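Hello,

Here is the structure I promised to pass on to you. Please have a look at it first, and then read my notes below.

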Amino acid sequence: MNESFQKIYSSKVYEIRKYSESLAIQTPTSSQNSGFRKLFDYISGNNRIKKKIQMTTPVTQMENNGVMTMQFYLPSKLNVSNAPEPSRSDIELVVIEGGYYAVTKYSGRATDENFIKHRNLLENQLGNDNISVLSTSIRATYNGPFTLPMFRRNEVMFKIDYKTNE
């Protein structure tokens, strides 16, 4: 989920966004710090061609098949053919397919408790609105650790089955 999306619908609880395909790097992680450090090293030039890459937001985390995965989205000028190949075997380039996502925003620390609270609110509202969820929950964080909690932007996202009259 890079920052480029089209807002399709907005309610009091969530908005529906349409995202285009994106390129990301990802790694399995046992803690936020271990995953972040590995991915940050990659964009800092610890890749096969020693190329530094601009940091983008958000940083996302989700559980895939029982494994927590962290992702950094790469700038849109990069694609599968020109992105530096990772030098670590536990980092991979992945194409994130575009589609519709239901998203709720919240501030504060990106704690598990805060995330779970907002995830449950979003999931319940989507159920009430008869919107089918297609993915596990995605935790998106946008700010560095020194941003005051009240100014932080965090999001919970679900890929959804959404039909429009486009």
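Ile91 sits in the loop between S5 and S6, where helices (H or I, at least four residues) and strands (E, at least two) are DSSP runs, numbered from the N terminus. Before going on, please note that this is a predicted model, in which local features need pLDDT of at least 70 and side-chain atom pairs count only at pLDDT 80 or more, while totals for chains, interfaces and linings use all residues. Residues are numbered from 1 along each chain as its sequence is written, and side-chain values use heavy atoms, with hydrogens and water left out.

Is Ile91 buried or exposed? Ile91 counts as buried because its relative accessibility is 6% (buried means under 20% relative accessible area, exposed over 50%, partly exposed in between, with a 1.4 Å probe and protein chains only). Leaving aside neighbours within four places in sequence, Ile91 is in contact with Ile25, Gln26, Thr27, Lys38, Leu39, Tyr42 and Pro86; contact means heavy atoms within 4.5 Å. From Ile91 to Asn124 there are 33 residues in sequence and 34 Å in space, C-alpha to C-alpha.

Thr29 belongs to the loop between strand S3 (22-28) and H1. Thr29 also counts as buried, because its relative accessibility is 10%. Its side chain makes a polar contact of 3.1 Å with the side chain of Ser34 (a pair of N or O atoms within 3.5 Å; within protein, one must be able to donate a hydrogen and the other to accept it, and residues adjacent in sequence count only if both atoms are side-chain atoms).

Now to the pockets. The largest pocket holds about 470 Å³ of space. A pocket is an open set of points on a 1 Å grid over the protein atoms alone, where a 1.4 Å probe fits, with protein on both sides within 12 Å along at least five of seven lines; lining residues have an atom within 4 Å of a point. Grid points are joined across faces, edges and corners, and a volume is the space filled by probe spheres set on the points.

Which element gives the largest share of the lining of the largest pocket? That is H1, with three residues.

The second largest pocket has a volume of about 280 Å³. It is lined by 15 residues, and Met62, Asn64, Ile96, Tyr101 and Ile138 are the closest to its centre. The largest share of this second lining, three residues, comes from S6.

Best wishes
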